[in-house]
Amino acid sequence: SSSETVVFYKGQEYRVLSTFIQGCKAWHLGRTETNQFNKSVEIILKALPPKSKVIIGMGEIDCRPDEGIIPAYLEKGIDYRSSMPEIVERYVDFVTETAKPFDHELIFYGVPAPTEITTAKLDTVTRELVLEVIHLFNDHLKRVCSARGWSMLDVFALTTDDTGAPDNQFHLDSNHLHPRALGVLFQSHLITP
């Protein structure tokens with residue numbers, strides 16, 4: 001968790017207060033029917049003071065090899081290339097509409113590169129699929145954030161080296177990043193509209 005991390009944004013210092021919604025995917029937030037995940041986001045955004053700066057990060061679970069988009073493709077034949085824009089747009093639009101009454105400023109947090117631990121367990125085809133899905137998710141997130149006027153933290157760029165290979169220095173485990181990653185993201189990997 002990044003709770004209590006200090007970040008600098010637009011010349012001001014902010015202390016982060018984290019909230020975690022276990023198992024929440026971008027896909028859940030883009031659904032038209034109410035579910036425990038979009039309801040949780042509504043409750044959290046409503047509880048914040050008006051005009052809060054809100055970092056929202058979904059998509060990492062969606063892009064795992066054993067959950068979300070990849071099993072939907074491998075087991076059900078759902079075309080991730082054509083469905084990805086809709087998943088990302090619905091997710092961003094849901095958060096945007098939910099935050100609007102409170103005049104929150106949104107900053108979207110992209111999906112990190114998979115760790116070497118994760119990719120070493122995968123066959124070559126699945127490894128390439130995971131990387132492609134993460135790239136597509138982040139590319140669409142960049143486009144949608146830019147179109148909606150939101151900033152984005154490019155977590156993928158932070159978690160790869162100059163050659164594009166995974167760089168695990170910011171990972172705590174095979175999925176989660178160290179809290180210090182957030183400060184670095186704001187310093188050098190913030191994409192503004």
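**Close-up 1. Ser 52 sits in the loop that links helix 2 (36-47) to strand 3.** Helices (H or I, at least four residues) and strands (E, at least two) are DSSP runs, numbered from the N terminus. This is a predicted model, in which local features need pLDDT of at least 70 and side-chain atom pairs count only at pLDDT 80 or more, while totals for chains, interfaces and linings use all residues. Residues are numbered from 1 along each chain as its sequence is written, and side-chain values use heavy atoms, leaving out hydrogens and water. Is Ser 52 buried or exposed? With a relative accessible area of 14%, Ser 52 is buried (under 20% relative accessible area, with a 1.4 Å probe and protein chains only). A polar atom of its side chain lies 2.6 Å from the backbone oxygen of Pro 49. Leaving aside residues up to four places away in sequence, Ser 52 touches His 104 and Glu 105 (contact means heavy atoms within 4.5 Å).

**Close-up 2. Four strands make an open, mixed sheet in the order 3-4-5-6.** Strand 3 (53-56) and strand 6 (190-191) are the edges, each pairing on one side only; two strands pair if DSSP finds at least two bridges between them. Strand 5 (residues 151-153) meets strand 6 in the antiparallel sense over two bridges. Here Leu 153 has Leu 190 of strand 6 as its bridge partner.

**Close-up 3. Helix 3 (residues 69-76) packs against helix 6 (residues 124-148).** Which residues make the contact? Helix 3 brings Ile 69, Ile 70, Tyr 73 and Leu 74, and helix 6 brings Leu 129, Val 130 and Val 133.

Notes. Buried < 20%, exposed > 50% of the residue type's maximum accessible area, 1.4 Å probe, protein only. Polar contact = N/O pair within 3.5 Å; in protein donor to acceptor, adjacent residues only side chain to side chain. Axes fitted to C-alpha atoms, helices over the stretch in contact; angles between N-to-C directions.
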